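Open the model in your viewer and keep the selection panel at hand. The tour goes from one selection to the next and says what is there.

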Amino acid sequence: MKKYTNEHEWAELDGDIATVGLSEYAIKELGDITFVELPEIGQSANKDESIAFIESVKAASDIYAPLSGEVVEINEELETAPESLNEDASATWILKIKVSDAGEFDTLLDEAAYNTFIASL
Amino acid sequence: MEELKRTALFDKHKELNARNVGFCGWEMPVSYTGVIKEHYACRNEAALFDISHMGEFFYEGDIANSGINNACTTDFVKLPIGKCKYGFLLNEKGGVIDDLIVYKLDDARLMFVVNAARIDVDFEQIKSHIKSGKFENRSNEVSKIDIQGPKSKELLQKLALFDLGELKFFGFKQSGLLNAPAIISRTGYTGELGYELYVSNDTAPKLWDKLIELGATPAGLGARDVLRLEKGYSLYGHELNEETTPAEAGIDMFVQYDSHDFTGKEALLKQKEQGVSKKIIAFTTNSKRSPRDGFEIYQNGEKIGVVTSGTYSPSVGSGIGLGFVDMNLYDKEANLEIKSERGSMPIYRAKLPFLK
């Protein structure tokens with residue numbers, strides 16, 4: 001089950017590994033993605049800290065860690081094919097985090113709450 | 001916040017699910033299906049742009065003697081009827097109040113096409129030169145639709161009442177489209193074969209639909225900005241402002257120095273003698289990273305300038321940009337880099353246009 005942040009990341013938790021991506025809404029707002037700067041494996045971040053960076057033709061944005069922890073995997077395909085995010089944002093993960101506090105997942109927005117949030121923007 | 005103005009095509013953009021953005025006080029479409037797709041539609045086929053936010057002024061009177069010919073860097077007396085010319089409205093210091101295109105409609109009539117954000121300033125500035133004749137701001141009555149791309153001619157020909165082949169670059173004709181008056185101008189801001197169409201607000205939605213039906217792809221301001229930057233064209237508020245002269249922006253070849261007097265001419269001539277203290281440079285990132293407006297330009301660890309425009313260019317396959325450098329600090333040979341809060345990246349000098 002995907003949960004969301006106010007900064008438009010999504011996360012799926014499997015055990016203590018969170019798979020992280022960006023919402024369809026965020027990708028649509030950014031437009032055609034041209035570049036994703038991925039973190040190093042082993043880099044750690046607290047929840048809501050910048051962990052990666054994304055650029056489109058006309059915009060740029062930080063990607064924030066939806067959960068605290070350590071980066072254990074990055075989607076290297078995005079280095080050569082960042083446009084796959086435009087094709088299917090919800091199926092295209094960006095990085096995986098080994099979370100230090102799985103309880104943080106409960107504080108994220110569920111899909112209904114996220115949809116209400118973006119409708120208000 | 002002031003409410004954003006809408007063009008006569010606003011409902012059309014809504015039907016097309018455009019993503020809108022506030023731009024110079026107008027709610028304008030930034031893209032419809034995606035900037036890159038729209039960009040390629042213009043480079044390879046025909047793209048359609050709503051540019052109705054731009055301003056149109058009309059003058060009728062004695063062009064040679066009313067004082068209007070001293071308003072701009074373009075000599076309207078010399079300008080042939082049926083031709084338009086790109087030029088500048090300058091302040092006394094030679095700084096650019098606006099860049100504009102002026103159309104010679106006939107011996108006694110001119111049309112000025114100006115940037116949306118500068119309509120009020122420009123109108124007053126031009127008016128201050130005029131001692132006789134009628135000068136009107138009809139920006140709210142005129143819609144402007146640009147059709148640009150290699151297929152624009154054959155597509156528009158289906159609606160045009162004359163052979164579009166008659167129009168040379170910067171030529172135009174006062175004619176008709178869809179049984180309504182239209183000015184068809186062989187000009188544009190994309191570097192492609194293309195036309196700028198001036199019609200009434202009533203005609204605009206019908207013309208928009210018809211051109212889409214004939215095969216044109218709607219494109220937003222996002223693609224327009226990429227297209228103009230690939231060709232190295234200046235954008236007011238970025239490369240041009242009241243503190244910058246045409247020479248500093250690298251485009252004083254559009255200034256008609258020899259024929260007429262105009263406000264700012266003295267300052268420009270003086271600068272020609274003394275040289276410029278800042279200048280636009282063009283560069284690429286040679287990577288997928290894009291420079292952005294406001295990034296700082298560094299050389300040998302010292303800040304020497306600032307980026308004025310930047311984007312990713314699908315045609316070049318790299319980030320591209322323009323920026324001002326301080327000529328007292330700039331070293332023509334040394335490596336360049338740009339810095340933002342995310343760190344620095346190298347940039348590489350390029351010749352304009354980025355895309356030949």
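What distance separates the centres of domain 2 of chain B and domain 3 of chain B, taken over C-alpha atoms? The separation is 34 Å. This is a predicted model, in which local features need pLDDT of at least 70 and side-chain atom pairs count only at pLDDT 80 or more, while totals for chains, interfaces and linings use all residues. Residues are numbered from 1 along each chain as its sequence is written, chains are lettered from A and ligands numbered from 1 in the order in which they are written, and side-chain values use heavy atoms, with hydrogens and water left out.

**Stop 1: the domains of chain B**

Colour chain B by domain: domain 1 (10-51 + 140-230), domain 2 (56-137) and domain 3 (277-349). Such bounds come from an automatic or database domain assignment.

**Stop 2: the largest nonpolar core**

Select B:F49, B:F88, B:Y103, B:L105, B:M111, B:Y198 and B:L240, which touch the most other members of the largest nonpolar core, a set of 39 residues. A nonpolar core is a set of buried Ala, Val, Leu, Ile, Met, Phe, Trp, Tyr and Cys residues joined through side-chain atoms within 4.5 Å. Buried means under 20% relative accessible area, exposed means over 50%, and partly exposed is in between (1.4 Å probe, protein chains only). Domain 1 and domain 2 of chain B both give residues to this core, so the core lies between them. Apart from it lies another core, of 28 residues, including A:V20, A:L22, A:L30 and A:I97. In soluble globular proteins, nonpolar side chains tend to be buried together.

Not counting residues up to four places away in sequence, B:L240 touches B:Y86, B:F88, B:V96, B:D99, B:S234, B:L235, B:A249 and B:I251.

**Stop 3**

Strands (E, at least two residues) and helices (H or I, at least four) are DSSP runs, numbered from the N terminus. Two strands pair if DSSP finds at least two bridges between them. Strand 5 of chain B and strand 6 of chain B pair in the antiparallel sense over 7 bridges, and B:L90 stands opposite B:V96. Their hairpin has 5 residues between the strands, and B:G94 there takes a positive phi near 85 degrees.

Strand 6 of chain B also pairs with strand 7 of chain B, again antiparallel, over 5 bridges. The hairpin between these two has 2 residues, and B:D106 stands opposite B:R109. In strand 6 of chain B, 10 of its 11 residues are buried.

**Stop 4**

How many of the 10 residues of helix 6 of chain B are buried? The count is 10 of 10. Just after this helix, B:G232 takes a positive phi of about 80 degrees.

Next select B:I320, in strand 17 (residues 318-326) of chain B. B:I320 counts as buried because its relative accessibility is 0%. Among the residues that B:I320 touches are B:L229 and B:E230, both buried residues of helix 6. B:P291 is another contact of B:I320; the two are 29 residues apart in sequence and 6.7 Å apart in space, C-alpha to C-alpha.

**Stop 5: where the chains meet**

Show both chains. The contact takes 15 residues from chain A and 16 residues from chain B. The chains bury about 1300 Å² between them, 46% of it on carbon and sulfur atoms. Buried area is the accessible area (1.4 Å probe) that two parts lose on being put together, summed over both.

Select A:T34, in strand 4 (residues 33-37) of chain A. A:T34 is buried, at 4% relative accessibility, and its contacts include B:K288 and B:Y312.

**Stop 6: salt bridges**

A salt bridge is a side-chain nitrogen of Lys or Arg within 4 Å of a carboxyl oxygen of Asp or Glu. There are 7 salt bridges between chain A and chain B. In one of them, the closest N and O atoms of B:R289 and A:E55 are 3.0 Å apart. Another salt bridge pairs A:E29 with B:R19, also at 3.0 Å, N to O. A:E29 lies in helix 1 of chain A and B:R19 in strand 1 of chain B, so this pair joins two chains.

Finish within chain B by selecting B:D209 and B:K12, a salt bridge with its closest N and O atoms 2.7 Å apart. B:D209 lies in helix 5 and B:K12 in helix 1 of chain B, so the pair ties together parts that are 197 residues apart in sequence. B:D209 is partly exposed, at 33% relative accessibility, whereas B:K12 is buried, at 14%.

Key
Contact = heavy atoms within 4.5 Å.
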